[in-house]
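These are my notebook entries on one structure.

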Amino acid sequence: MALDLFSPVKLGAITLKNRMVMAPLTRSRAPKGTGVPQDLNVTYYAQRASAGLIVTEATPISAMAHGYILLPGIYTDAQVAGWKRVTEAVHAKGGKIVLQLWHVGRISHPSLLPNNELPVAPSAIQPAGQTYTYEGLADFVEPRALEAAELPGIIAEYVHATKCALAAGFDGVEIHAANGYLLDQFLRDGSNKRTDNYGGSIENRARLLLEVTKAVVDVAGSDKVGVRISPVNPFNDMQDSNPQALFNYVADQLNQFNLAYLHAVEGGIHGGGESASFDFEQMRKLFKGAYMANLAYDKARGNAAIASGHADVIAYGVPFIANPDLVERYKTDASLNEADSETFYGGTEKGYTDYPTLPA
Ligand SMILES: Cc1cc2nc3c(=O)[nH]c(=O)nc-3n(C[C@H](O)[C@H](O)[C@H](O)COP(=O)(O)O)c2cc1C
């Protein structure tokens with residue numbers, strides 16, 4: 001029989017009961033201050049455990065990695081204990097869950113950082129746009145360019161967070177190198193104007209991602225690590241002069257790690273369009289491991305991408321916000337709940353854990 005969304009699959013060490021992945025989704029519902037996942041978060045993830053795999057919301061790896069309000073973290077003992085309750089609840093329902101490791105780089109604001117420090121970035125370039133702070137919307141600021149000597153410290157934060165994620169019982173980790181955050185800021189030349197070994201050529205701009213990946217793989221094992229990229233996503237004021245060459249190189253270089261998967265956002269998120277044309281099939285062919293495709297997939301496109309061999313698994317974002325039982329709905333061709341974008345970020349259980357499931 002031909003493969004489809006409901007066929008089991010192995011991504012590295014992680015066995016999935018189906019090929020429908022819940023995409024990483026920031027929902028800003030962790031308690032202020034501690035970043036410790038709470039009961040509400042446990043319920044939300046457990047409700048979605050019928051996905052073949054859950055990728056958690058992007059989760060800051062250190063206090064300096066924060067860029068939005070009400071985020072959970074993955075660097076203190078209390079956060080590990082909080083996440084452990086999430087992984088146990090998902091596992092109890094037969095689900096699998098990996099944590100998305102996040103450093104926002106310049107997409108932040110001093111009021112969200114320790115001692116009102118400036119956000120850090122490859123180069124001191126202020127992104128256009130605004131961020132939510134606890135005092136309301138505020139312009140992004142001009143970040144401080146990281147010294148090359150500081151980069152081992154950033155890598156060490158990824159290592160520490162990976163150890164925390166494993167201690168919390170996650171099945172693996174996903175390195176967030178997409179959507180205009182720190183690692184993506186190093187990759188793309190619109191945000192990286194460095195003149196040292198981490199800027200200029202494609203090889204240099206990819207260096208930090210590859211060093212982080214190596215360090216995370218050394219801790220977690222290659223078969224428990226995925227990487228997420230978004231080659232032509234303009235979100236967070238991002239662009240690159242030659243994304244095809246850059247991300248073909250990245251995909252090819254990542255082969256050396258024998259990763260669990262490569263995850264690609266195949267366009268611009270939040271309806272933002274694409275920053276350039278891009279041949280995802282070409283990049284996908286260069287990558288020898290499993291490929292997770294994302295962006296505006298539905299059941300038909302998902303099945304077609306799996307049947308054609310374009311993708312091994314499909315990540316669904318907004319559909320999983322509104323449909324905790326998305327797998328069952330696709331299996332039975334049931335209608336879908338509409339997502340309410342007003343309740344995407346922050347707030348209570350409304351628009352978070354109260355979307356109805358199909359009658360049993
Ligand atoms: C509310 C919301 C929060 C998101 N948070 C994250 C995130 O934390 N990490 C990430 O990599 N992408 C994030 N994304 C992007 C989604 O993972 C996904 O790429 C996007 O929704 C497109 O997939 P879809 O068309 O299936 O929704 C977010 C998207 C939405 C709508």
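Which residues lie nearest the centre of the second largest pocket, and how many residues line that pocket? I found a lining of 17 residues, with Gly33, His66, Tyr75, Leu112 and Tyr134 nearest the centre.

**Ground rules.** I worked on a predicted model, in which local features need pLDDT of at least 70 and side-chain atom pairs count only at pLDDT 80 or more, while totals for chains, interfaces and linings use all residues. Residues are numbered from 1 along each chain as its sequence is written, and side-chain values use heavy atoms, with hydrogens and water left out.

**Pockets.** I took a pocket as an open set of points on a 1 Å grid over the protein atoms alone, where a 1.4 Å probe fits and protein lies on both sides within 12 Å along at least five of seven lines; lining residues have an atom within 4 Å of a point. Grid points are joined across faces, edges and corners, and a volume is the space filled by probe spheres set on the points.

The second largest pocket holds about 250 Å³ of space. I sorted its lining by class and got 10 nonpolar, 6 polar and 1 charged residues. Here Ala, Val, Leu, Ile, Met, Phe, Trp, Tyr, Cys and Pro count as nonpolar, Asp, Glu, Lys and Arg as charged, and the others, Gly among them, as polar.

The largest pocket holds about 1,000 Å³. It is lined by 39 residues, and Leu25, Phe235, Ile269, His270 and Tyr345 are the closest to its centre. By class I noted 23 nonpolar, 14 polar and 2 charged residues in this lining. At least two lining residues come from each of β5 (97-102), β7 (130-133), β14 (313-316) and α9 (318-322). Helices (H or I, at least four residues) and strands (E, at least two) are DSSP runs, numbered from the N terminus.

The side chain of Gln100 has an N or O atom 2.9 Å from a nitrogen atom of the ligand. For the side chain of Asn179, the distance to a ligand nitrogen is 3.2 Å. Ala296 puts a backbone N or O atom 2.7 Å from a ligand oxygen.

**Ser230.** I went from Asn179 to Ser230, whose side chain reaches the backbone nitrogen of Asn179 at 2.7 Å. Ser230 sits in the loop between β11 (225-229) and α6 (243-254). Is Ser230 buried or exposed? Ser230 is buried at a relative accessible area of 0%, where buried means under 20%, exposed over 50% and partly exposed in between (1.4 Å probe, protein chains only). Leaving aside neighbours within four places in sequence, its contacts (heavy atoms within 4.5 Å) are with Ala177, Ala178, Asn179, Asp184, Arg188 and Val265.

**Ser222.** This residue is in the loop between α5 (202-220) and β11. Ser222 counts as buried because its relative accessibility is 19%. Its side chain reaches the backbone oxygen of Phe257 at 3.4 Å.

**Helix α1.** I listed the buried residues of α1 (residues 39-47) as Asn41, Val42, Tyr44, Tyr45 and Ala46. They pack against β3 (20-22), β4 (53-60), α2 (77-92) and β5.

**Thr34.** In the loop between β3 and α1 I checked Thr34. Thr34 counts as partly exposed at 43% relative accessibility. A polar atom of its side chain lies 3.2 Å from the backbone nitrogen of Val36.

**Positive phi.** Most residues other than glycine have a negative phi. I noted Leu70, with a positive phi of about 60°, in the loop between β4 and α2. Leu295 also has a positive phi, near 120°, and is found in the loop between β13 (291-294) and α8 (299-307).

**Pro152.** Pro152 is in helix α3 (residues 151-167) and counts as exposed at 52% relative accessibility.

Key. Polar contact = N/O pair within 3.5 Å; in protein donor to acceptor, adjacent residues only side chain to side chain.
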